[in-house]
Amino acid sequence: MGVARGLLYLHEECSTQIIHCDIKPQNILLDESYNARIADFGLAKLLLMNQSHTNTNIRGTKGYLAPEWYSNMPITFKVDVYSFGVLLLEIICCRRNVDIEIGDEEEAILVYWAYDYYKEGRMDVLVGNDMEIVQDMNSLKLVMMMFQIIFQP
């Protein structure tokens, strides 16, 4: 929850708008009270106050990059939201965003694998035997609904 609050702060509370461009597990740190903190702003893009989007070269880590990066579209804070969604999927599914040891490319990429099971109504496969998540599938459904919007033509 601390990371989600941090993202909201980045995009709504700052006097200067920031697009982090590299939300991933390695850039989420815990302070002495175990509160999540967003770190490593080396790839961040600062926007002017009246600016809602920008054009820039691809920035970030493969596997966490939103589709906008590959389509020459202007980017907005939504690229960070997408990356955060991938991060949540990793936590929920207990697997990395890309697992090259899996032979099938569709299964090796977590977002595609998870979305395929979501479309089939088989979200139980995503969480395995994690009874805590099985009892609260609404959290997973919210994450998957975000990806549904992204993947629909």
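## Cores and a buried loop residue in a predicted model

The largest nonpolar core has 28 residues, and those with the most contacts inside it are L89, L126, L140 and M144; such a core is a set of buried Ala, Val, Leu, Ile, Met, Phe, Trp, Tyr and Cys residues joined through side-chain atoms within 4.5 Å. Two or more residues come to this core from each of helix 2 (78–93), helix 4 (110–119), helix 5 (124–127) and helix 7 (137–151). Another core, of six residues, lies apart from it and has I28, A36, I38 and F84 among its members.

This is a predicted model, in which local features need pLDDT of at least 70 and side-chain atom pairs count only at pLDDT 80 or more, while totals for chains, interfaces and linings use all residues. Residues are numbered from 1 along each chain as its sequence is written, and side-chain values use heavy atoms, with hydrogens and water left out.

The protein chain has seven helices and four strands, which are DSSP runs (helices H or I, at least four residues; strands E, at least two) numbered from the N terminus.

| Residue | Contacts |
|---|---|
| L126 | I92, C93, W113, A114, Y117, L140 and M144 |
| A39 | H20, N27 and L29 |

A39 sits in the loop between strand 3 (36–38) and strand 4 (45–47), and A39 is buried at a relative accessible area of 17%, where buried means under 20%, exposed over 50% and partly exposed in between (1.4 Å probe, protein chains only).

Key:
Contact = heavy atoms within 4.5 Å. Lists of a residue's contacts leave out its neighbours within four places in sequence.
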